[in-house]
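Visitor: Before we discuss any details, could you put the sequence and the model side by side for me? I would then like to go through them one question at a time.

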Amino acid sequence: LMTVAQPFNNHNAGDLNFGPDGFLYIALGDGGSGGDPGNRSQNPKERLGKMLRIDVDTDQTHYLIPGDNPFAGNPDTLGEIWSMGLRNPWRMSQDPVTGLIWCGDVGQGSYEEVDLIENGRNYGWKIMEGFHCYSPSSGCNMAGLTLPIKEYGHTGGRCSMTGGFVY
């Protein structure tokens, strides 16, 4: 269906789920290295660092972009993008009743986060790590960003957020 080049061998993340709407949701990490040096998570012309949503129930060769995707039809973005600003969304689960997407996004070095993924939202990586400025380290512009619903620091032996299942 889709090939996405990975510039580094880490932060490749990944999870696939069909939502209650019948579309395929694809979680992709920022492509690796430390601190997203290519700023791929914030680039609307890159698939990396995003949650993608596509329609695979088609007679077409590959897939279709659902018309209600937030960037569908916009020539300055990729229509597959459902939301952006993710670092390493390792696992996600959709609530079968509400359709809400719960996602464990692995942090860079200090904070892990749980995001509630919604249409058109920007979750802030690499501007934010959890509730905290990352780049720049203070005074960052949080306008238009969606903060996580939960974060935790790397203390007491905790390190990466991996996600779970909603049932």
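**Reading the loops, strands and overall form**

Visitor: What relative accessible area does Asn-39 have?
Guide: Asn-39 is partly exposed, a class that lies between buried (under 20% relative accessible area) and exposed (over 50%), with a 1.4 Å probe and protein chains only. Residues are numbered from 1 along each chain as its sequence is written. The model is predicted, so local features need pLDDT of at least 70 and side-chain atom pairs count only at pLDDT 80 or more, while totals for chains, interfaces and linings use all residues, and side-chain values use heavy atoms, with hydrogens and water left out. For Asn-39, the relative accessible area is 32%.

Visitor: What is phi of Asp-36, and in which loop does Asp-36 lie?
Guide: Asp-36 lies in the loop between S2 and S3, which is also the place of Asn-39, a residue with a positive phi of about 50° although it is not a glycine. Asp-36 is buried, with a relative accessible area of 0%. Its phi, likewise a positive value in a residue other than glycine, is near 50°.

Visitor: Which backbone oxygen does the side chain of Arg-40 reach?
Guide: Arg-40 lies in the loop between strand S2 (24-27) and strand S3 (50-54), and it counts as buried because its relative accessible area is 9%. Leaving aside residues up to four places away in sequence, Arg-40 touches, among others, Pro-7, Phe-8, Asp-30, Glu-46 and Leu-48, where contact means heavy atoms within 4.5 Å. At 3.4 Å, the side chain of Arg-40 reaches the backbone oxygen of Gly-32.

Visitor: How far apart in space are Asn-69 and Leu-52?
Guide: Asn-69 is found in the loop between S3 and strand S4 (81-84) and is buried, with a relative accessible area of 4%. Beyond residues up to four places away in sequence, it touches Arg-53, Gly-79, Glu-80, Ile-81 and Trp-82. Asn-69 and Leu-52 are 17 residues apart in sequence, and their C-alpha to C-alpha separation is 9.1 Å.

Visitor: Which strand holds Cys-103?
Guide: Cys-103 is buried, with a relative accessible area of 1%. Not counting residues up to four places away in sequence, its contacts include Pro-89, Met-92, Val-114 and Ile-117. The element in which Cys-103 is found spans residues 101-105 and is strand S6.

Visitor: What is omega for the peptide bond from Trp-125 to Lys-126?
Guide: Lys-126 has its place in the loop between strand S7 (111-117) and strand S8 (128-129). A cis peptide bond also joins Ser-135 and Pro-136, with omega about 5°, and Pro-136 lies in the loop between strand S9 (132-133) and strand S10 (150-153). The bond from Trp-125 to Lys-126 is cis, with omega near 10°.

Visitor: How many strands are there in the protein?
Guide: Helices (H or I, at least four residues) and strands (E, at least two) are DSSP runs, numbered from the N terminus. There are 0 helices in the protein, and the number of strands is 10.

Visitor: What radius of gyration does the protein have?
Guide: The radius is taken over C-alpha atoms, and the globule rule is 2.2 Å times the number of residues to the power 0.38. The C-alpha trace spans about 50 × 35 × 30 Å along its principal axes, and 45% of the 167 residues count as buried. A compact globule with 167 residues would have a radius near 15 Å, with which the protein agrees, its own value being 15 Å.

Methods:
Polar contact = N/O pair within 3.5 Å; in protein donor to acceptor, adjacent residues only side chain to side chain.
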